[in-house]
Amino acid sequence: MDLEDDTTVLTTLKSFNSFISRPEHPQRPSDHSAGSGNLQTQYKRSMELLEAADRVHSKNRYLQLDQEKKQMELSHKRARFELEKVASDSARDLECVCMHFFRQKIEDLEAERQRLEEQNNILEMRLERNNLQGDYDPVKTRVLHLKMNPTSVAKQQRQQEVESLREEVTHLRELVRSLQDGGALVHSQDDSSMHSSSLDLRKQMESSELRNQRLKEVFQRKIQEFRTVCYVLTGYQIDITTENQYRLTSVYAEHMDDSLLFKKTGPMGGSNGSMQLMETEFSKTLGEMVALHLHHQKSIPAFLSAVTLDLFSRQTTI
């Protein structure tokens, strides 16, 4: 409602109030006709005032409802703002909790990774030490036995001595049987000689077994010494994987699987000794060295030396 409407309503109310509060005067008969006209006019005026009052009341009611509606909308907006604020705070708190949880999880995983890495390094050092001491995995590694080695010679000699002793024992048994058939006199005469012969044979067998055992121990010690010396001097541990295949593992290898595989393709001789480099995951990373030292220079020792220097430089750089 604007200012002009308010002024009209106020004027109408004042007129209605003046009409009601005006005192009534007795009318004269001469003024009866004029009073009748004035009464009709006043009646119409009062009806107009009543209608105006109804309009004012309706307008006030409309304004009151509109104000209540605006208050409800304002309350709704305020409640919505509060809910959004609470939701935002809850989301922020949840995000902080999640960030803290994941940060703690990352720290735990990093600590576990470091622990496993240290344990892996310790195991690799132990494995390398065991390799230096001559230990090997019989499933993956075959031990190279020389065709003419002290153990084989000792076994052959022992076999010959055993056969000789068996023949001598057989001969003595026949002699004993013949002596038993010949009589007690001959038995009494040769009893001392048979006893001494059996003692000599027993001593010879014990001496042969002792010598064989010592030869085994010496051979095992020499083989271990030979493997260790080759590993220390050349920097490579040489193992036989299958027939005519040899695996070389460097002492400076970064991983246990970093090895070179060579295969014998013909009679030994020449600069390369009829050895061919087989492809492995480690050899794939040595393309330049293979092309230079094996294909161009045709020198396996130069290739192995270059690989050793490269691995050694990596460890010293680290």
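Arginine 115 counts as partly exposed, because its relative accessibility is 42%; the label covers values between buried, under 20% relative accessible area, and exposed, over 50%, with a 1.4 Å probe and protein chains only. Before I continue, please note that this is a predicted model, in which local features need pLDDT of at least 70 and side-chain atom pairs count only at pLDDT 80 or more, while totals for chains, interfaces and linings use all residues. Residues are numbered from 1 along each chain as its sequence is written, and side-chain values use heavy atoms, with hydrogens and water left out.

Let me stay with arginine 115 and its partner. Arginine 115 forms a salt bridge with glutamate 112, and the closest N and O atoms are 2.5 Å apart. By salt bridge I mean a side-chain nitrogen of Lys or Arg within 4 Å of a carboxyl oxygen of Asp or Glu. Glutamate 112 is partly exposed as well, at a relative accessible area of 33%. Why are the two separated by about one helical turn? Arginine 115 and glutamate 112 are three residues apart in helix H2, residues 32-132. In general, an α-helix has 3.6 residues a turn, so residues three or four places apart point the same way. Helices here are DSSP runs of H or I with at least four residues, strands are runs of E with at least two, and both are numbered from the N terminus.

Helix H2 holds a further pair. The side chains of arginine 113 and glutamate 117 meet in a salt bridge of 3.0 Å, N to O. These two residues lie four apart in H2, again about one turn of the helix. Arginine 113 is partly exposed at 42%, and glutamate 117 is partly exposed at 41%. Glu110 joins Arg113 and Glu117 in a network of salt bridges.

How many salt bridges does the rule give? The count comes to 15. One of them lies in helix H4, where the side chains of lysine 222 and glutamate 225 meet at 3.9 Å, N to O. Lysine 222 is partly exposed, with a relative accessible area of 49%, and glutamate 225 is partly exposed at 43%.

Helix H4 spans residues 184-234, and valine 232 has its place there. Is valine 232 buried or exposed? At 58% relative accessibility, valine 232 counts as exposed. Its C-alpha atom is separated by 8.4 Å from that of valine 251, 19 residues apart along the chain.

I turn now to strand E2. This strand covers residues 245-250 and contains threonine 249. Threonine 249 counts as buried, because its relative accessibility is 19%. Leaving aside residues up to four places away in sequence, threonine 249 touches Tyr231, Gly235, Tyr236, Gln237, Asp258 and Ser259, where contact means heavy atoms within 4.5 Å.

Next, the cavities. A search of the whole structure finds two of 30 Å³ or more. A cavity is a set of points, on a 1 Å grid over the protein atoms alone, where a 1.4 Å probe fits but cannot get out; lining residues have an atom within 4 Å of a point. The volume is the space filled by probe spheres set on the points, which are joined across faces, edges and corners.

The largest cavity holds about 40 Å³ of space. Its lining consists of Ala154, Gln157, Arg158, Glu161, Ser208, Arg211, Asn212 and Leu215. Helix H3 (150-182) and H4 each supply at least two residues of that lining. By class, the lining of the largest cavity has two nonpolar, three polar and three charged residues.

The second largest cavity has a volume of about 30 Å³. Among the residues that line this second cavity are Tyr236, Asp258 and Ser259, each of which also touches threonine 249. E2, strand E3 (259-264) and helix H6 (300-317) each supply at least two residues of the lining of the second largest cavity.

Finally, helix H5, residues 287-296. Which residues of H5 are buried? They are Met289, Val290, His293 and Leu294. These residues lie on the same side of H5, because they cover an arc of only 105° around the axis, taken from the directions from the helix axis to the C-beta atoms. On the other side of H5, Glu288, His295 and His296 are exposed. Just after H5, lysine 298 takes a positive phi of about 55°.

Notes. 1 Å grid on protein atoms, 1.4 Å probe; cavity = no way out; pocket = protein on both sides within 12 Å on 5 of 7 lines; lining within 4 Å. Nonpolar A, V, L, I, M, F, W, Y, C, P; charged D, E, K, R; others polar.
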